[in-house]
Amino acid sequence: MGYIEPHAHMVSRTTDDYKAMAMAGCEIICEPAFWAGFDRSSPQGFYDYFRQLTEYEPARSAKFGIDHYCWLCINPKEAEDPGFAREVMAMIPDFLTAPTVLGIGEIGLNKNTKNELAIFEEHVALAQKYDLPILIHTPHLEDKLKGTKLIIDSLKNAGVDRGRVIIDHVEEHTAGLVLDEGFWAGMTLYPESKCTPARAIDMLETFGMENVWMNSACDWGISDPLAVPKCLQEMKRRQHNKATIEKVSYANPMAFLGQSKNFRPVES
Amino acid sequence: MPDRNDILDLYFMDARSKLIDIAAFLDRVDRHEGDTDFRHAAFLDAMEALKNPKGKSRAQAVLESLSDHTVEPIEAAGTKGAAGAYEG
Ligand SMILES: [Zn+2]
């Protein structure tokens with residue numbers, strides 16, 4: 001069965017990982033812009049990164065028959081310097097003409113600071129100006145609950161189309177907040193800091209199968225590019241039927257991503 | 001859908017192993033020298049939340065117990081990382 005990996009940081013992964021994902025049935029990868037594990041020394045570093053996301057990774061992915069799309073932004077960890085962040089954001093409109101850019105993401109908060117929130121709001125305004133969907137990163141660990149609430153309040157104030165916003169990395173204490181307000185929710189299968197396959201399935205069973213997707217968010221940290229197909233195997237062990245598994249791993253991401261003008265997959 | 005014993009069949013051994021790991025972790029902290037920082041007390045509080053989730057799911061109660069419950073954005077980030085528990 002084919003699946004979509006809607007959130008993976010392939011710039012951090014080896015070509016062997018592309019191969020393994022293709023073998024596991026991955027048909028589409030979406031790659032949000034994020035922190036590289038270190039701060040870039042200049043906005044020009046982001047120009048190169050955006051080229052990597054829009055030119056190099058789609059070509060690398062295509063060699064394994066996987067469509068590659070991306071999301072652009074400056075991530076919240078580097079948004080603490082607003083002057084720097086605004087220089088990076090000024091480059092984004094030029095890249096929106098690239099054929100595989102889906103929208104603005106992954107924006108959000110990291111330590112829930114005033115500057116992070118200001119740059120988050122400017123990104124939301126940018127997405128609204130260009131009529132783009134939004135992918136949102138919520139903070140880690142003890143900062144997630146507060147950050148999720150700040151993000152939801154900010155989005156409500158901005159009057160965004162909630163069905164075109166996905167708030168990622170939800171856990172048991174934030175999934176209900178996100179879904180009840182009409183946003184999409186992403187569950188990240190990240191071994192140490194986010195959630196296991198068993199817990200992701202618990203959340204599906206508790207909060208429902210609508211407006212949710214699962215991703216690996218595989219990056220340079222301890223993470224697993226095959227986390228999604230492994231979770232689909234776990235869904236089988238939990239006696240979920242084929243239709244449910246297909247909905248969560250394929251139909252749901254197709255429905256959300258289909259709201260982006262540049263998303264034009266060949267139906268499998 | 002699986003029944004409760006099916007869930008035990010699937011996850012009991014794994015959960016048992018994690019439970020003993022937690023017990024051994026707490027013993028390990030006790031056995032060593034020096035003071036513990038806020039994370040130790042937060043961990044013990046989270047275990048209380050697990051035992052008494054007050055109408056929430058246990059996972060939600062534990063996560064909320066470890067969370068920052070303030071509401072205002074902070075002035076500046078002192079660090080990029082998160083500790084796993086709120087220092088206050
Ligand atoms: Zn990410």
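The structure holds 24 salt bridges over all chains, and the model in which they are counted is a predicted one.

User: Which residue of chain B forms a salt bridge with A:K114, and why does the pair join two chains?

Analyst: A:K114 lies in helix α5 of chain A, whereas its partner lies in the segment after α3 (58–65) of chain B, so the pair joins two chains. The closest N and O atoms of the pair are 2.4 Å apart, and the partner of A:K114 is B:E75.

User: How many residue pairs are in polar contact between chain A and chain B?

Analyst: The contact takes 29 residues from chain A and 30 residues from chain B, and the area buried between the two chains is about 2500 Å², of which carbon and sulfur atoms give 58%. The count of salt bridges between chain A and chain B is 3. With both residues required to be at pLDDT 80 or more, the number of residue pairs in polar contact between these chains is 16.

User: How many charged residues does the side of chain A that touches chain B have?

Analyst: Among the elements that give two or more residues to this side of chain A are α5 (114–129) and α8 (197–207). By class, the side of chain A that touches chain B has 6 nonpolar and 7 polar residues, while the number of charged residues is 16.

User: What area do domain 1 of chain B and domain 2 of chain B bury between them?

Analyst: Chain B is divided into domain 1 (1–33) and domain 2 (35–70), and the C-alpha centres of these domains lie 17 Å apart. In the contact, 5 residues of domain 1 of chain B meet 5 residues of domain 2 of chain B, and the count of salt bridges between the two domains is 0. Carbon and sulfur atoms give 86% of the area buried between these domains, which is about 390 Å².

How values were computed
Residues are numbered from 1 along each chain as its sequence is written. Chains are lettered from A and ligands numbered from 1 in the order in which they are written. This is a predicted model: local features need pLDDT of at least 70, side-chain atom pairs count only at pLDDT 80 or more; totals for chains, interfaces and linings use all residues. Side-chain values use heavy atoms; hydrogens and water are left out. Domain bounds come from an automatic or database domain assignment. Contact means heavy atoms within 4.5 Å. Buried area is the accessible area (1.4 Å probe) that two parts lose on being put together, summed over both. A salt bridge is a side-chain nitrogen of Lys or Arg within 4 Å of a carboxyl oxygen of Asp or Glu. A polar contact is a pair of N or O atoms within 3.5 Å; within protein, one must be able to donate a hydrogen and the other to accept it, and residues adjacent in sequence count only if both atoms are side-chain atoms. Helices (H or I, at least four residues) and strands (E, at least two) are DSSP runs, numbered from the N terminus. Ala, Val, Leu, Ile, Met, Phe, Trp, Tyr, Cys and Pro count as nonpolar, Asp, Glu, Lys and Arg as charged, and the others, Gly among them, as polar.
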